[in-house]
Amino acid sequence: MALAVIAIWLGNWCRQKFPFLRKYCLPGAVVGGTIISLISLVLYETGVAELSFDYKVANSLFYCIFFAASGAAASLSLLKKGGKLVIIFTISAAVLAILQNVLSVGIGVAMGVDPLIALMTGSTPMTGGHGNAAAFAPLAVAQGASAAMEVAIASATFGLIAGCMIGGPFGRWIIRRHHLEDPALDGQAEKAQETGKEVGTPMFKGDIVKAMFLMCFCLGLGAVFMAILKSLKISFPIHVCTMLAGILVRLYLDSKKDTPESLYEGIDTVGEFSLGLFVSLSIISMKLWQLAGLAGPMVVMLLAQVVMILIYCYVVDFYACGKNYDAAIIAVGHTGFGTGAVPVSMTTMKTVCDKYRYSKLAFFVVPVIGGFLSNITNAIIITWFINFCAGIR
């Protein structure tokens, strides 16, 4: 936890000292976390030490608090507005996963790589991340692709790094290209961080305390929802259940009519705190030495994935979701979980929003798809491609 906070402080310090990091919307948690990961790599390669982090419980806690806060940001009007985009974005995420596998297998076969090994650079590690890499690579191993696990894990690590680096500059490029800036609103959060002066609705200590209590209540309520669904043989991840709890809490608060705006600001602050910690914990625990196992053809396939994702998120997501500021932030979010992890989506979206302005719609749509629905569609797609590749070997 201490190293995670040091990484955030270090990254924010780097952003202050090197303006190009702010200019291209590179997140402080990612910058500092990557530096800690590089130090970990040096210690490992020199034989001094291999750093091991017992971070999963704390990471899950802050991950769920952030999702609860994201749910609590979803007012009734936002839910109505976001429903259509959820459907569009679900289809888009599934199509991208299919294209990722077609690209990886196509390039792999052209370069003489085993189709099952090539597939481990597609949607399994990219849209799926380390979790899917660990879950589905054994299926490829069982089909005779003995190196599938190593390739999948290394590809997931590559995707995590790539997602951290491309999301912010990509978002800045879209916003500037389509003149989506709003001089009256842009940069408020970033200016507050630089000057130390708050911008927006004033908060009181009681708002923060109440917000924290509400988010902890959402964790428990989400756990109850998950238990009920499990008894009905329905599998839902805990963070999606806590997001649902946050939505219900927000609907209750809205129904009271007298809920102060400062409480919602408090909830956003708790969510931002949790986001910073779970992203930093995810980044500092990266094992960069896993990338050493990537051969030349694998690197080519992964770089091709990154290029395709950027083109796809611009041509498809941005235009299909409305060609406006919210659509730009949604496209940024897809580059994050399209290369491996929802935490990357959240932190790159937030950094772009800090520079310009907040998008409640994007922070509702992207977690729902990246954190839940795309996992279902991607699992079906990966299973089909593994069977297909085993048949053409």
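Trainee: Is Arg 250 buried or exposed?
Mentor: Arg 250 is buried, at a relative accessible area of 8%. Buried means under 20% relative accessible area, exposed means over 50%, and partly exposed is in between, with a 1.4 Å probe and protein chains only. This is a predicted model, where local features need pLDDT of at least 70 and side-chain atom pairs count only at pLDDT 80 or more, while totals for chains, interfaces and linings use all residues. Residues are numbered from 1 along each chain as its sequence is written, and side-chain values use heavy atoms, with hydrogens and water left out.

Trainee: What does Arg 250 form a salt bridge with?
Mentor: With Asp 254, the closest N and O atoms being 2.9 Å apart. A salt bridge here is a side-chain nitrogen of Lys or Arg within 4 Å of a carboxyl oxygen of Asp or Glu. Asp 254 is partly exposed, at 25% relative accessibility.

Trainee: How are Asp 254 and Arg 250 placed in helix α11?
Mentor: They are 4 residues apart in helix α11 (residues 238-256), so about one helical turn separates them. Helices are DSSP runs of H or I with at least four residues, strands are runs of E with at least two, and both are numbered from the N terminus.

Trainee: How many salt bridges does the count come to?
Mentor: The count is 3. Lys 350 has a salt bridge with Asp 354, with 2.6 Å between the closest N and O atoms. Lys 350 and Asp 354 are also 4 residues apart, in helix α15, and therefore about one helical turn from each other. Salt bridges with shared partners join Glu 272, Lys 350 and Asp 354 into one network.

Trainee: And the pair of Lys 350 and Glu 272, how far is N to O?
Mentor: 3.3 Å. That pair links distant parts of the chain, with Lys 350 in helix α15 (residues 342-355) and Glu 272 in helix α12 (residues 261-284), 78 residues apart.

Trainee: Which of these count as buried, and which as partly exposed?
Mentor: Lys 350 counts as buried at 18% relative accessibility, and Asp 354 does too, at 11%. Glu 272 is partly exposed, with a relative accessible area of 40%.

Trainee: Switching to cysteines. How many disulfides does the structure hold?
Mentor: It holds 0. A disulfide is a pair of cysteine sulfur atoms within 2.5 Å.

Trainee: Where is Cys 25, and what is its phi near?
Mentor: Cys 25 sits in the loop between α2 and α3. Its phi is near 60 degrees, a positive value in a residue other than glycine. Lys 257 also has a positive phi, near 70 degrees. Lys 257 lies in the loop between α11 and α12 and is exposed, with a relative accessible area of 74%.

Trainee: Now the core. Which residues touch the most other members?
Mentor: In the largest nonpolar core, with 119 residues, they are Met 215, Ile 267, Phe 364 and Val 365. Helix α8 (residues 148-177) supplies the largest share of this core, 14 residues. Such a core is a set of buried Ala, Val, Leu, Ile, Met, Phe, Trp, Tyr and Cys residues joined through side-chain atoms within 4.5 Å.

Trainee: What does Phe 364 touch?
Mentor: Not counting residues up to four places away in sequence, Phe 364 touches Ala 74, Leu 78, Leu 79, Gly 82, Val 86, Met 243 and Ile 247. Contact means heavy atoms within 4.5 Å.

Trainee: And what is Val 30 in contact with?
Mentor: Leaving aside neighbours within four places in sequence, Val 30 contacts Cys 164, Val 279, Ile 283 and Thr 347. Val 30 is in helix α3 (residues 28-45) and is buried, at 2% relative accessible area.
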